Amino acid sequence: MRVLLTGGAGYIGSHTALVLLERGHEVVVLDDFSNSSREAARRVAELSGREVPVIEADLADRAAATAALDGVDFDAVIHFAGLKSVGESVAEPTRYYRVNIDSTLTLLDLMRERGVTNLVFSSSATVYGDPQYVPQDEAHRTGVGLTNPYGWSKFMIEQIIRDTFTSWPELGAVVLRYFNPVGAHPSGRIGEDPTGIPNNLMPFIAQVAVGKRERLSVFGDAYPTVDGTGVRDYIHVMDLAEGHVAALERIAPGVKTYNLGSGTGSSVLEVVRAFEEASGCPVPYTVVPPRPGDVAEVVANPSKANAELDWSTTRSLAESCRDSWAWQSANPDGYRA
Ligand code: UFG
C-alpha cells in the first residue's frame, strides 16, 4: 500500500514508517514539524534505503492541507498527527481541541472526497479514564474520569470516527489505544526527541542517565502497587510500530478498536533500575508528591489484538531501556545535533 502518515516525522510515526518500508509498503509523510524533525524522516530513508517523500503542512489548516495533498496519491492513512502533552492541554485547551479535532475532521473529509477508505488512528489508553479494573480490555468503559483536554480529544475523535462510519459504510478504520510507548530503533538512529523538559518517564530517565538533568522526581510512592510507585504498561516503540502494520494489513469496512500494550505492568522504580542496568549509569531520584491526574495502575489486556491482528509484543523492558539508551547516548541533543 501507499500510506500517508500524518505526523510521520514524530516519534511513533518515524518508527512506523520504517517498519512499513521494510514490509514493502510505500510511505508519504505529512508533518508540520511543530514537534518533530525533518532529520527523522531523512534517517528513516537512510535506514530503509528507500524514498521518504515529505510534505510540510498543518493538517488543522484545511486550505493549506488540501493544497499540499493535491495530486498526492495514497491508499491508506495512519493518523498520528496531534498535540500530546497532558499538562499543556490543561493550560491551552482551545489549541488542543482545535489542532487535534480540526485536523481529524479535515482528514476524514479529504479521505471521503478522494475515496480513500482505510484509516488507522492513534488513540490512547487515556480514554479509559479512572480504571475500573486492571488489566483493561477494550470493553472497559471510556470517557469517565478523564482529567485533561488531551485525553478528551482522543475520546472525541474515536466518536467522530464511529459517526463517520455510520454515514460512510465503506470506511475501514482501526482505532489503536496505545499504552506507554518507550524505546527506540535498535540502531540508535531514530528515537524520541522531546522539546524542553520531558513530561514522560523514560525520556526523563534517559536525560538523567546521560547527565543532562540532575535527578528524577518520582511522583508518589504511596500507591497501592508493588512498591508504592505508579505502574504502567511500557511498550517498545518497534512493537507498537509493528502493531500499526498488522492493523493496516487487516483493515476492512467497519471500526475496530484494539489495545496496543504488552499486558505487563512495571513500576517507576522498576523502570529506574532497568535503565540503570541497561546504561551502566546511575539514575538518582527523589520522591515528590503525586502528579495531579495520575492513577496507580494502567495495564493493557492485549488479547484482542493478539488474536485478531496476530500481533503481540516481543521486546522486554530491558530491551526498551537498552534501545532508548543507544538513542540517547548517541544523540544527547536529539535531532538538533
Ligand atoms: N513519572 C514520574 N516522574 C516523571 C514522569 C513520570 O514518577 O518525571 C511517573 C508517573 O507518575 C507515572 C509513570 O511515571 O506513574 C509514567 O508516566 P508518563 O508521564 O511517562 O506516562 P503516563 O502514564 O502518565 O501517560 C501516558 C502518555 C499519555 C497518555 C497516558 C494514557 O504519556 O499521553 O499514558 O494512560 F495519555
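The model is predicted, so to speak of local features we need pLDDT of at least 70, and side-chain atom pairs count only at pLDDT 80 or more, while totals for chains, interfaces and linings use all residues. Residues are numbered from 1 along each chain as its sequence is written, and side-chain values use heavy atoms, leaving out hydrogens and water.

Let's start with His15, which sits in helix α1, residues 11-22; helices are DSSP runs of H or I, at least four residues, numbered from the N terminus. Is His15 buried or exposed? His15 counts as buried because its relative accessibility is 0%, where buried means under 20% relative accessible area, exposed over 50%, and partly exposed in between, with a 1.4 Å probe and protein chains only. The side chain of His15 reaches the backbone nitrogen of His185 at 3.0 Å.

Now for the salt bridges, meaning a side-chain nitrogen of Lys or Arg within 4 Å of a carboxyl oxygen of Asp or Glu. The count comes to 20. Arg95 pairs with Glu88 at 3.3 Å between the closest N and O atoms, and with Glu92 at 2.8 Å. Arg95 is partly exposed, at 33%. Further along, Asp323 bridges to Arg322 at 3.0 Å. Here Asp323 is buried, at 3%, whereas Arg322 is partly exposed, at 43%. Shared partners also join Glu39, Arg42, Arg43, Glu46 and Arg189 into one network.

Key
Helices (H or I, at least four residues) and strands (E, at least two) are DSSP runs, numbered from the N terminus. A polar contact is a pair of N or O atoms within 3.5 Å; within protein, one must be able to donate a hydrogen and the other to accept it, and residues adjacent in sequence count only if both atoms are side-chain atoms.
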